Amino acid sequence: MHFEFEHMNTATPFELPEGVHLLGGGAEDHVRLEGLPDRLLTLRIEADRLMVEATRTFTVAGVMVPPGVSRLVLPGEVVGLPETMSLKVLAPAGDTERQVGTMAVLKHLLTDMEEPPPSRAATLTCLIGADVGRTFALAEASTELGRGKEAAVRLRDIAVSRRHARIRHQEGSFLLEDLDSPNGVYLNGQRVRVETASTLKEGDVIELGRTLLRFQAPMAEPPPPQKEEAPTEPEIAPAGEPASDAPPAVASREQTPERSRPRGEWWLIGLGAMLALVGLLATYALMG
């Protein structure tokens with residue numbers, strides 16, 4: 001990876017291979033630069049990805065980074081050092097249109113980051129740039145991204161146009177459009193054509209200038225609860241009309257209880273039995 005160290009308007013280029021390197025003014029530093037504290041920077045280079053961590057507060061593209069925090073640095077960004085010194089990461093040779101290796105940077109970056117919490121609205125989270133850490137909600141049908149005051153997603157990146165891009169919400173999909181910006185709009189490392197809108201998917205990364213934004217789709221709405229059907233009550237036929245056209249079922253004798261006899265009928269039966277008994281007793285006495 002190619003670097004350029006600048007101090008007092010004097011630029012010194014140098015190159016570092018893949019691996020971990022210490023940069024500072026000490027004798028044990030891999031890259032020794034006079035005037036810097038010992039072991040000031042730790043540079044971790046992996047393919048086209050550079051992570052920088054410092055023992056003191058430093059800046060990347062003008063944004064403060066506290067000590068002990070690893071910061072991804074893209075080609076073309078400048079690392080601010082003490083004593084008006086700076087370290088610039090140079091783009092690979094032959095890249096005249098834009099920084100190459102962005103796709104590899106995005107893959108590593110998204111692997112290292114935690115999943116964002118679910119949201120009912122679609123959101124954009126700034127991964128790299130002056131607005132790193134900020135989250136923007138996409139609640140409108142059309143949302144403009146840019147540096148101007150009228151932009152709903154306003155970015156402080158000087159490489160972003162005043163009206164740079166637009167995201168439209170149409171029929172459940174989110175579409176990314178380039179508003180003919182000079183630096184272009186890139187989706188997952190691929191340039192978005194001005195005349196063609198690109199559909200956004202969960203986890204996609206949008207690149208505007210030196211700013212990377214991750215798209216998070218809205219949380220799916222749960223299906224509405226199904227209403228339980230109330231049991232249907234049997235229809236009651238009007239008085240004087242049969243309940244149905246079917247003939248009534250004839251109940252068996254075993255199922256139909258006998259009709260209880262009236263109380264007077266039982267009294268007569270008992271009286272007759274008593275008279276018969278008296279007659280038998282009288283006949284027996286006469287015969288004796």
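Reader: Where is P66 placed?
Author: In this predicted model, P66 sits in the loop between β8 (63–65) and β9.

Reader: Is P66 buried, exposed or partly exposed?
Author: P66 has a relative accessibility of 44%, so it counts as partly exposed.

Reader: Which residues is P66 in contact with, leaving aside its neighbours within four places in sequence?
Author: With those neighbours left aside, P66 is in contact with T57 and F58. The C-alpha atoms of P66 and R56 are separated by 7.0 Å, and these two residues are 10 apart along the chain.

Reader: β9 came up. In what order do the strands of its open sheet run?
Author: The order is β4-β3-β5-β6-β9, five strands in an open sheet with mixed pairing. The edge strands are β4 (31–32) and β9 (71–73), and each of them pairs on one side only.

Reader: In what sense do β3 and β5 pair, parallel or antiparallel?
Author: Strand β3 (residues 19–24) and strand β5 (residues 41–46) pair in the antiparallel sense, over five bridges. Within β5, R44 is the residue that stands opposite V20.

Reader: What is L81 in contact with, leaving aside its neighbours within four places in sequence?
Author: Apart from those neighbours, the contacts of L81 are F5, L36, L40, L41, S86 and L87.

Reader: L187, then. What is its bridge partner in β19?
Author: The partner of L187 in β19 is Q190. Strand β18 (residues 185–187) is joined to β19 by two bridges, and the two strands run antiparallel.

Reader: What is the order of strands in the sheet of six?
Author: The six strands form an open sheet in the order β13-β12-β22-β21-β18-β19, with antiparallel pairing. At the edges stand β13 (135–138) and β19 (190–191); each has a single partner strand, so one side of each is left without a neighbour in the sheet.

Reader: On to the rings. How many aromatic pairs are found in the whole structure?
Author: A search of the whole structure finds two. In one of them, the rings of F3 and F14 have centres 5.3 Å apart and planes at 15 degrees, so the pair is stacked.

Reader: Which parts does the pair of F3 and F14 tie together?
Author: F3 belongs to strand β1 (residues 2–7) and F14 to strand β2 (residues 10–15), so the pair ties together parts that are 11 residues apart in sequence. Both F3 and F14 are buried.

Reader: What about F174 and F215: what are the distance and the angle?
Author: F174 and F215 are 5.5 Å apart centre to centre, with 55 degrees between the planes, and the pair is tilted. F174 lies in strand β17 (residues 173–178) and F215 in strand β22 (residues 211–216), so this pair ties together parts that are 41 residues apart in sequence.

Reader: One more residue. Where is the place of L145, and is L145 buried or exposed?
Author: L145 is in strand β14 (residues 142–146). The relative accessibility of L145 is 0%, so it counts as buried.

Reader: What is L145 in contact with, beyond its neighbours within four places in sequence?
Author: With those neighbours left aside, L145 is in contact with L124, A151, V153, R163, H164, A165, R166, I167, L208 and L213. The C-alpha atoms of L145 and L179 are separated by 9.4 Å, and the two residues are 34 apart along the chain.

Reader: Finally, the whole chain. How many helices and strands are there?
Author: The protein chain has two helices and 22 strands. Buried residues make up 35% of its 288 residues.

Notes
Residues numbered from 1 in each chain as written. Predicted model: local features only at pLDDT ≥ 70, side-chain atom pairs only at ≥ 80, totals over all residues. Heavy atoms only, no water. Phe/Tyr/Trp six-rings, centres within 6.5 Å; stacked < 30°, edge-to-face > 60°. Helix = DSSP H or I, 4+ residues; strand = E, 2+ residues; numbered from the N terminus. Buried < 20%, exposed > 50% of the residue type's maximum accessible area, 1.4 Å probe, protein only. Pairing = 2+ DSSP bridges. Contact = heavy atoms within 4.5 Å.
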